[in-house]
Amino acid sequence: MKILVTGADGQLGRCLQDRLRMTAHDGLALNRNQLDITDRQAVEAAIEGFRPDVIVNAAAYTAVDLAESGPEIVRRVNAEAVGYLAEAANKVGALLVQVSTDYVFDGRTIRPYRESDPVNPLNVYGASKLAGEECAAGANRYFVVRAAWLFSEYGKNFLKSMLKLADGRETLQVVADQTGTPTYAGDLAATLIRVLEKGIPSGIYHYSGGRPCSWFEFSQAIFPHLGTHRPELQLPRVLPVTAAEYPSVASRPAYTVLDDAKLRACLPLATGDWELAIQQVISVLAE
């Protein structure tokens, strides 16, 4: 199978490359310098040149707070560019895989979100990713996967931020009233490859990275593993705060746990395990 990956330098892009190297698939991963997905002609040329069976769009504008001050560029990257990929995919008969987010929901529920639940994003980023889902549906064959709270050994993410703050801080304040599912990008990458190999029907699917938790609970799970690898560090005491006490530019939903039953029905054992993954990631980063 010929697989083209956009956003090669991002967390998911890097993890996809790692996992594709373990397979017999012919992968081509392009970063922003190699392929600007907001350039329609460049997208068409790249896809017609490689003629992939699958396009995995791992490119995205993900700075949630910064997005509030630049909605035009955010929509261009997260939505309009997806339309270009869909058009090009149709020309070569490729499947388009679009990665979306839990932030398409408003968080005003008390049970995990199903794919059929109403969407209502609270911020520019979430709105742009929802528009991207709609653009992806312009492909004759498409697979939209919603995931949440990505972390990995690559790029910028919550886990790596916690590790940077660990040394020299007596206390850390972490939001305790926002609940979701941390997701290891490596687990998501491995599942996407399994999806491609099995040929799951077009549509929107939810991927769960493991058991639900708050950002506060996530941070509490991180530091003990860091202490194991770096016993010389004086680890901070983590204090819970509310989102109101820790204001941000963009509004964030309070509850975005994703129900992955639809995906698991097609692909058993599709759920990730962030608690196991943080041990693996910290062992790499602590070397």
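Predicted model: local features only at pLDDT ≥ 70, side-chain atom pairs only at ≥ 80, totals over all residues.
Colleague: What share of the 287 residues is buried?

Modeller: A residue counts as buried when its relative accessible area is under 20%. In this chain, buried residues make up 52% of the 287.

Colleague: How many helices and strands does the chain have?

Modeller: The chain has 10 helices and 12 strands. Its radius of gyration is 19 Å, close to the 19 Å that the globule rule gives for 287 residues, so the chain is as compact as a globular protein of that length. The C-alpha trace spans about 55 × 40 × 40 Å along its principal axes.

Colleague: What share of the contacts joins residues 24 or more positions apart?

Modeller: Among contacts with a separation of 6 or more, residues 24 or more positions apart account for 83%.

Colleague: Which elements do the buried residues of α8 pack against?

Modeller: The buried residues of α8 include Trp 215, Phe 218, Ile 222 and Leu 226. The buried residues of this helix pack against β6, α6, β7, β11, β12 and α10.

Colleague: Where is Leu 233 found, and is it buried or exposed?

Modeller: Leu 233 is found in the loop between α8 and β12. Its relative accessibility is 15%, so Leu 233 counts as buried. Leaving aside neighbours within four places in sequence, Leu 233 is in contact with Asp 167 and Leu 226; the latter is one of the buried residues of α8. The C-alpha atoms of Leu 233 and Ala 166 are separated by 7.8 Å, although these residues are 67 residues apart along the chain.

Colleague: Finally, the backbone angles. What is the phi of Arg 51, and what is that of Trp 149?

Modeller: Phi of Arg 51 is near 50°, a positive value in a residue other than glycine. Trp 149, also not a glycine, has a positive phi of about 50°.

Colleague: Where do these two residues lie?

Modeller: Arg 51 lies in the loop between α2 and β3 and is partly exposed, with a relative accessible area of 46%. Trp 149 is placed in the loop between β5 and β6 and counts as buried, at 10% relative accessibility.

Key. Residues numbered from 1 in each chain as written. Heavy atoms only, no water. Helix = DSSP H or I, 4+ residues; strand = E, 2+ residues; numbered from the N terminus. Rg over C-alpha atoms; globule rule 2.2 N^0.38 Å. Buried < 20%, exposed > 50% of the residue type's maximum accessible area, 1.4 Å probe, protein only. Contact = heavy atoms within 4.5 Å.
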